[in-house]
Amino acid sequence: MTIKPLGDRIVIKVIEDNEQTSGGIFIPDNAKEKPQKGEVIAVGLGKTLENGDREPLDVKVGDVILYAKYSGTDVKIDGTVYKILSVKDALAVIEA
């Protein structure tokens, strides 16, 4: 199954942080912060401008991004958590 976002939306695969601290302590689910990092797996065509052109998106498939904490809609497909959000909620691209 593939997800094709519309307009200026993107689909990301949520990247969970480690469940264990560097000191070896496991963090329970209810004490974890919501993840804010994900890999872009699909992008829309971009927002349609008044003249009919499409505004290009700042992210592309394969980018790892940071996104706003409470943004987007969570979707679970085949046990994997995806998030659909507007490209304006993408805060930064993480470059290695």
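**View 1. Lys60, an exposed residue, reaches a partner in a salt bridge.** In this predicted model, Lys60 is exposed, and its relative accessible area is 54%. Lys60 forms a salt bridge with Asp63, and the closest N and O atoms lie 3.1 Å apart.

**View 2. Lys83 and Asp74 meet in a salt bridge.** Here the N to O distance is 2.7 Å. Take a look at the lysine in this pair: Lys83 is buried, with a relative accessible area of 4%. Asp74, on the other hand, is partly exposed at 47%. How many salt bridges does a search of the whole structure find? The search finds two.

**View 3. Side chains alternate along strand β3.** Follow residues 64–67 and see where each side chain goes. Ile65 and Tyr67 point to one face and are buried.

**View 4. Strand β3 pairs with both β2 and β6.** Strand β2 covers residues 37–43, and three bridges join β2 to β3. These two strands run antiparallel. To find one of the meeting points, look for Glu39, whose bridge partner in β3 is Val64. Strand β6, residues 90–94, also pairs with β3 in the antiparallel sense, this time over four bridges. Which residue of β6 is the bridge partner of Tyr67? The partner is Ala90.

**View 5. Ten residues make up the largest nonpolar core.** Among them are Ile10, Ile12 and Val14, along with Val40, Val59 and Leu85. Strands β1 (9–14) and β3 each supply at least two of the core residues. Which strand gives the largest share? That is β1, with three residues. As a general idea, nonpolar side chains in soluble globular proteins tend to be buried together.

**View 6. Ala90 and the residues it touches.** Leaving aside residues up to four places away in sequence, Ala90 touches Ile10, Ile65, Leu66, Tyr67 and Leu85.

Terms used. Residues numbered from 1 in each chain as written. Predicted model: local features only at pLDDT ≥ 70, side-chain atom pairs only at ≥ 80, totals over all residues. Heavy atoms only, no water. Buried < 20%, exposed > 50% of the residue type's maximum accessible area, 1.4 Å probe, protein only. Pairing = 2+ DSSP bridges. Core = buried A, V, L, I, M, F, W, Y, C linked by side-chain atoms within 4.5 Å. Contact = heavy atoms within 4.5 Å. Salt bridge = Lys/Arg side-chain N within 4 Å of Asp/Glu carboxyl O.
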